[in-house]
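Trainee: I have a structure on my screen and want to learn how to read it. Could you take me through it, feature by feature?

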Amino acid sequence: GEENFDMVVSDVVMPNMDGPAMAREIRVRYPDMPILFMSGYAEERLRKSIDLDNVAFLPKPFSVAQIAEAVGEILAEHAK
């Protein structure tokens, strides 16, 4: 059966496909899917390369509490 996801949490740098390319692919299939990118790169540069709605950034390094808070906020916002 079809798996349902509430959001995508991913690193920006990955083998085979980078974060911006993945975000665009996700948007084709799931136009409203919120995406949280974790990255050590400068957020401003990322925002320019990933110009999509519902995309958030969590700078590295971060704590478990910080990622939990970010995920919680995004899901709460998306549920509205």
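Mentor: Start with helix 1, residues 19-29, which lies across strand 1, strand 2 and strand 3. Helix 1 runs at about 175° to strand 2. Helices (H or I, at least four residues) and strands (E, at least two) are DSSP runs, numbered from the N terminus. Axes are lines fitted to C-alpha atoms, for helices over the stretch in contact, and angles run from 0 to 180 degrees between N-to-C directions. Contact means heavy atoms within 4.5 Å. Helix 3, residues 64-79, also packs on the sheet, touching strand 1, strand 2 and strand 3. The direction of helix 3 makes about 155° with that of strand 2.

Trainee: What kind of model is this, and how are residues numbered?

Mentor: This is a predicted model, with residues numbered from 1 along each chain as its sequence is written; local features need pLDDT of at least 70. Side-chain atom pairs count only at pLDDT 80 or more, totals for chains, interfaces and linings use all residues, and side-chain values use heavy atoms, leaving out hydrogens and water.

Trainee: Which elements have the lowest and the highest mean pLDDT?

Mentor: pLDDT is the predictor's confidence in each residue, from 0 to 100. Helix 2, residues 43-49, has the lowest mean among the elements, 70. Helix 3 has the highest, 95. For the protein, the mean is 87, and 94% of its residues reach 70 or more.

Trainee: Now the sheet. What is the strand order?

Mentor: Strands of a sheet pair through backbone hydrogen bonds, either parallel or antiparallel. Here, two strands pair if DSSP finds at least two bridges between them. This open sheet has three strands in the order 1-2-3, with parallel pairing. Strand 1 (8-11) and strand 3 (55-59) are at the edges with a single partner strand each, so one side of each has no neighbour in the sheet. On average, neighbouring strands are turned by 25° against each other, direction ignored. Strand 2, residues 35-39, pairs with strand 3 over five bridges. In one of them, L36 has A56 of strand 3 as its bridge partner.

Trainee: Is S10 buried or exposed?

Mentor: Buried means under 20% relative accessible area, exposed over 50%, partly exposed in between (1.4 Å probe, protein chains only). S10 lies in strand 1. S10 is buried, at 7% relative accessibility. Leaving aside neighbours within four places in sequence, S10 contacts M22, L36, F37 and M38.

Trainee: Which residues make up the largest nonpolar core?

Mentor: In soluble globular proteins, nonpolar side chains tend to be buried together. A nonpolar core is a set of buried Ala, Val, Leu, Ile, Met, Phe, Trp, Tyr and Cys residues joined through side-chain atoms within 4.5 Å. The largest here has 12 residues, including V8, M22, I26, F37 and F57. Helix 1, strand 2 and strand 3 each supply at least two of its residues. Helix 1 gives the largest share, three residues. Another core, of seven residues, lies apart from it, with L36, M38, I67 and A70 among them.
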